[in-house]
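Subject: Structure handover

Hello,

Here is the structure for you to look over. My notes on what was found in it follow below.

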Amino acid sequence: GQSIQDTTQVPEQWHEKLGNDLHIHTQVKVLRNRLLIQKGDTVNPHVLADNERLVRELPYIDDAVIFVEQVSSDSVDILFFTKDVFSLGVGFEIFDVKYGKAGIWNKNLLGIGHELYYYLLWNFNEDHQYGHQLGYRIENIRNTFISAGFEYRNRWKLEAFQVYVNRDFITPQTKYAGGAGYASIKEIRDVDIADTILSDQLLNYDLQDVWFGRSHLLQARSSSGE
């Protein structure tokens with residue numbers, strides 16, 4: 001219920017108080033792990049702005065703001081304020097009369113920034129009417145900004161297990177990025193061969209995906225003439 005711009009506000013409604021009592025706050029080490037700065041650095045407004053953005057983009061953070069406080073002629077304190085989002089959620093979707101899904105997730109498990117989710121799917125038009133989807137994601141491993149996770153899906157005519165690791169271009173100064181993924185899939189589907197259709201064939205195959213990128217920061221140029 002509070003505003004990050006006014007920390008003197010306090011929750012007044014019963015559901016706000018209950019939500020705050022149930023909520024597990026993000027651990028300080030998780031937020032420190034997201035910092036682009038360290039003790040002894042020269043203050044750079046662009047880096048601080050990027051750091052605000054990186055923290056604000058986290059699914060379990062509602063807002064983030066940095067204040068610079070002068071403490072001596074050659075040093076400052078950096079005050080970093082963040083506001084959590086209630087990370088536990090449930091969802092329910094109906095796509096048609098006989099098809100839908102329900103799920104539960106936590107985007108900040110135990111305050112450590114990990115995501116865990118589970119979905120129950122149903123389709124009464126299929127022989128196997130119920131399906132499951134389970135996933136786990138780790139964000140920013142040891143301040144490397146590398147994310148990793150896995151997902152398992154088992155629904156109707158498909159069973160798949162996927163693992164992945166990824167590092168994106170975090171800031172304009174990030175030089176290297178890349179990722180890799182692997183999926184093992186079992187699937188029953190019709191196969192077209194020439195003028196023949198083979199129905200309900202069991203396919204068992206693997207998928208691999210690898211990418212790598214290198215960024216080049218463009219140099220600003222200016223010219224003037226008479």
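First, a definition: strands (E, at least two residues) and helices (H or I, at least four) are DSSP runs, numbered from the N terminus. Two strands pair if DSSP finds at least two bridges between them.

The model is predicted: local features need pLDDT of at least 70, side-chain atom pairs count only at pLDDT 80 or more, and totals for chains, interfaces and linings use all residues. Residues are numbered from 1 along each chain as its sequence is written, and side-chain values use heavy atoms, with hydrogens and water left out.

**Strands**

β1 (61-72) and β2 (75-84) form a hairpin. 2 residues lie between them. The two strands run antiparallel, joined by 10 bridges. Ile 61 faces Asp 84 of β2.

There is also an open sheet of 8 strands. Its order is β3-β4-β5-β6-β7-β8-β9-β10, with antiparallel pairing. β3 (88-96) and β10 (196-214) are the edge strands, each pairing on one side only. From one strand to the next, the twist averages 10°. That angle is taken between N-to-C directions, from 0 to 180 degrees, with axes as lines fitted to C-alpha atoms.

Within the sheet, look at β7 (residues 147-155) and β8 (residues 158-167). They run antiparallel and are joined by 9 bridges. Arg 153 stands opposite Ala 160 in β8.

Phe 161 is also in β8. It is partly exposed, at 36% relative accessibility. (Buried means under 20% relative accessible area, exposed over 50%, partly exposed in between, with a 1.4 Å probe and protein chains only.) Phe 161 touches Phe 150, Glu 151, Tyr 152, Tyr 182, Ala 183 and Ser 184, leaving aside residues up to four places away in sequence. Contact here means heavy atoms within 4.5 Å. Phe 161 and Phe 80 are 81 residues apart along the chain, and their C-alpha atoms are separated by 39 Å.

**Helix α3**

α3 has 12 residues. From its first C-alpha to its last it reaches 16 Å, close to the 16 Å expected at 1.5 Å a residue. The expected span is 1.5 Å times one less than the number of residues.

Which residues of α3 are buried? They are Leu 48, Asp 50, Asn 51, Glu 52, Leu 54 and Val 55. These pack against α2, β1 and β2. At the start of α3, a side-chain oxygen of Asn 44 comes to within 2.9 Å of the backbone nitrogen of His 46.

**Salt bridges**

The structure holds 11 salt bridges. The criterion is a side-chain nitrogen of Lys or Arg within 4 Å of a carboxyl oxygen of Asp or Glu. Three deserve a look.

- Arg 53 and Asp 50 meet at 3.3 Å, N to O. They are 3 residues apart in α3, so about one helical turn separates them. Arg 53 is partly exposed at 27% relative accessibility, while Asp 50 is buried at 15%.
- Lys 101 pairs with Glu 93, the closest N and O atoms being 3.7 Å apart. Glu 93 is partly exposed, at 38% relative accessibility.
- Glu 139 and Arg 34 meet at 3.6 Å, N to O. This pair links distant parts of the chain, 105 residues apart. Glu 139 is in the loop between β6 (130-138) and β7, and Arg 34 is in the loop between α2 (28-32) and α3 (45-56).

Salt bridges with shared partners join Arg 34, Arg 137 and Glu 139 into one network.

Is Arg 34 buried or exposed? Arg 34 counts as buried, at 8% relative accessibility. Glu 139 is partly exposed, with a relative accessible area of 24%. Arg 34 touches Asn 51, Leu 54, Val 55, Leu 58, Glu 139, Asn 140, Asn 143 and Phe 145, again leaving aside residues up to four places away in sequence.

**Positive phi**

Most residues other than glycine have a negative phi. Leu 110 has a positive phi of about 55°. It lies in the loop between β4 (99-109) and β5 (114-123) and is exposed, at 54% relative accessibility.

Phe 145 has a positive phi too, near 60°. It is found in the loop between β6 and β7. Phe 145 is buried, at 9% relative accessibility.

Best wishes

Conventions: Polar contact = N/O pair within 3.5 Å; in protein donor to acceptor, adjacent residues only side chain to side chain.
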